[in-house]
Amino acid sequence: MRKITRRQFGTTVAAAAAATYAGVALPRFAFGAPLPSALNFPKGFLWGCATASYQIEGGAADDGRGTSVWDTFSHTPGKTYHGETGDVADDSYHLYKEDVRLLKNLGVSTYRMSISWSRVFPTGKSPVNPKGLDYYNRVVDELLANNITPYITLFHWDLPQELPGGWQNRDTPKAFADYAAFIGKHLGDRVHHFMTTNEFVCFTDLGYRYGQFAPGLKLAAAEANQVRHHGILAHGLAVQAIRANTPSGTQVGLAENATVFVPVIETPEHITAAQKATRDDNAPFLTTLMEGKYPDSYLEQEGANAPKVEPGDMEAIGSKLDFVGLNIYTPQYVRADDSKKGYVVLPYPTSAPHMASPWIVLGPECIYWSVRNVCDLWKVPAIYITENGTSSDDVLTPEGKVYDTDRVMYLRNHLTHLHRATEEGYPVKGYFLWSLLDNFEWADGYSKRFGIHYVDFKTQKRTPKLSAEWYRETIAKNAVE
Ligand code: GBH
C-alpha cells in the first residue's frame, strides 16, 4: 500500500473530493487505495490498552494478598475522594476473563497490566503466596489464548505495606529486585516485555515529599531526594534481575511520565530550549537513567541535600534498556531566552483548554515532542507510548450508550501527532491507551473516569463507550482519521 505523507496532502485533496458522486459518498476503497487523508501507521505497529493492578483488581483480601500502601492510604480518612478505596474497584480479580474479552473485541494485539507485589509476596519478601502467582498465570494464559501479548509492569505504586520504611529504606530496592527475579523466573517463559516501574515522580515525590499519594508523607528535601534515589535504584536492580532470570531476547524498559516540553514555535532555538528543559526537568529520573549519572546541574542545585550514592548504584541505574515507555497526557510550553539555562517554561493562560481532570491541559502535539525530545537527547532503541488517554464526564444514556466525543477528540488528535513521529522515522513501536476500563483513579477515587469502557461500580457491568468503537476502527485500519 502506498504510504501517503503529509507533504502530499496538497496534491491529493482533489482525489479525496472525488470520493462522492452526485452528493452520494462512494465506498472508501472505491479507488483501490486508502483515502489520502488517512494517516497510516507503520506495518506491525502495536495497539494496546493499559491498566494497573490496584486500580482494577479489587479482591483486596482474597487468597492471601498482603496489604499495600494504597490500601492503608485510601482507608485513611481524608486521603481520597469520598474516602474511596480499591477494595473492589473493577473486580478484575474475578472478572479478568470478561476483561480479556473486551480487549479481544477491540482487536488489540497487546495489553499492559501490572502485578500487585503484595499479592505475590504479602510482606514484600519471601515467603511467596502461590495463589497470588496463580492469578497472574491465569491472566497471562488467558491473554495468550486470545493472541494478546502481555506487557507487564512490576510496580505501579502498590508497595507492600510490611516493608519497613517503604521507599525510605535502602533494602526496599533489593526486595524489589528479588521480586522481579521471581516474576522473571515464573512468567518469563510466556511474557517477553517487562516494565520495571511506573512514573517515579508519583511514588517518590507525590508519596514522600508532597503527601498527595501513598504513603502520604511530607519529608524534607534530603530524605525525599533519597527516596527518589531508591526509586531509580530499584528500577536498575530490577533490570539486572529480569535479565538474569529470563530467556535472552526478553525486552526490559519502564513506563515514565517524563515532563513533556513543547517548543512554543517550531524554530531551532525553541526546539533546543525544549530539549534542554526535558533534560533538566527530568534530571533525577529519566535523565539519570539514560546518562548513568546525576547531571552536575542537579547535584549543584540540591547541594547538601543531594542523594547518597553507594558503589554499584549508578551502574545498575544506568543499565541499558531495550525500550523507553512514555506516559503522555499534557504539555508544558517552553521558549528560548537569554538566561543561563537558556529557556523559560511558560505558565498556562487561564483560558488554556483542559479535559475533565483539570491537570490535563489539551495540547496533543505533546505526544510528538515527547518522542522527539527523548530520542534526540538519548538515542533510545525503541519507544512505546505506555499510557495516553483522558477522563471525561461520561453519561450513560437510558439506551446504554456513552457518547464520549471529547475523549474521541483527545485520542484522535494525539494519534495524529504520534503519526508524525512515526513518519519522521522515530522508533515508536506501539501505543497503549489509558485505560481499558473506568477504574480507581488514586486520590480522585471513582470521580474521574478514564476508561473506554464504562463501568457501573455497583453491578460491575462494562459498557463500551463511543471511544471503544472509535479505537476498534483505528486498530482495524491501522490508521487514524
Ligand atoms: C498516570 O498518572 C498513572 O500511571 C495512572 O495510574 C493514572 O490512572 C493515569 O495517569 C491518569 O491519571 O490533581 O493537579 O494535583 C498520571 C500522573 C500524577 C497526574 C498526579 C495527576 C495530580 C495532579 N498523575 N497528578 S493534581
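D91 sits in the loop between α3 (69-74) and α4 (92-106). In this predicted model, the phi of D91 is near 50 degrees, a positive value in a residue other than glycine. Most residues other than glycine have a negative phi, and most peptide bonds are trans, so a few places along the chain deserve a look on that count. D91 is also buried, because its relative accessible area is 17% and the cut-off for buried is under 20%.

With a relative accessible area of 6%, W157 counts as buried. Glycine turns up with a positive phi as well: G292, which follows helix α12, has a phi near 70 degrees.

Then there are the cis peptide bonds. One joins S126 and P127, with omega at about 5 degrees. P127 belongs to the loop between α5 (117-120) and α6 (130-145). Another cis bond links A214 to P215, and here too omega is about 5 degrees. P215 lies in the loop between α9 (205-209) and α10 (221-245).

Next come the strands, starting with β10. This strand covers residues 324-328 and is mostly covered, with 5 of its 5 residues buried. In a regular strand the side chains alternate between the two faces of the sheet. In β10, V324, L326 and I328 point one way while G325 and N327 point the other way, and all are buried.

What does β10 pair with? Strand β8 (residues 251-256) runs parallel to β10 and is joined to it by 2 bridges. In one of the pairings, E256 has L326 of β10 as its bridge partner. Strand β13 (residues 383-388) also pairs with β10 in the parallel sense, this time over 5 bridges.

From β13, 3 bridges lead on to strand β14 (residues 428-434), and the two run parallel. I385 has Y431 as its bridge partner in β14.

A476 is found in helix α17 (residues 466-477). A476 and I385 are 91 residues apart in sequence and 19 Å apart in space, C-alpha to C-alpha. Is A476 buried or exposed? At 66% relative accessibility, A476 counts as exposed, since the cut-off for exposed is over 50%.

Leaving aside residues up to four places away in sequence, T278 touches T259, F261, T287, N373 and L377. With N373 there is a polar contact as well, side chain to side chain, at 3.4 Å.

T287, one of the residues touched by T278, is among the buried residues of helix α12. That helix spans residues 283-291 and is mostly covered, with 8 of its 9 residues buried. The buried set is A283, P284, F285, L286, T287, T288, L289 and M290.

Finally, there is the ligand. Of the 17 residues around it, Q55, Q212, E387, E441 and W442 come nearest. By class, the shell has 9 nonpolar, 5 polar and 3 charged residues. Several side chains bring an N or O atom up to a ligand oxygen. For E441 the distance is 2.5 Å, for Q55 it is 2.7 Å, and for Y329 it is 3.2 Å. On its own the ligand has 580 Å² of accessible area, and the protein covers 77% of that.

Methods:
Residues numbered from 1 in each chain as written. Predicted model: local features only at pLDDT ≥ 70, side-chain atom pairs only at ≥ 80, totals over all residues. Heavy atoms only, no water. Near = heavy atom within 4 Å. Polar contact = N/O pair within 3.5 Å; in protein donor to acceptor, adjacent residues only side chain to side chain. Areas by Shrake-Rupley, 256 points an atom, 1.4 Å probe, with all protein chains shown as cover. Nonpolar A, V, L, I, M, F, W, Y, C, P; charged D, E, K, R; others polar. Buried < 20%, exposed > 50% of the residue type's maximum accessible area, 1.4 Å probe, protein only. Helix = DSSP H or I, 4+ residues; strand = E, 2+ residues; numbered from the N terminus. Pairing = 2+ DSSP bridges. Contact = heavy atoms within 4.5 Å.
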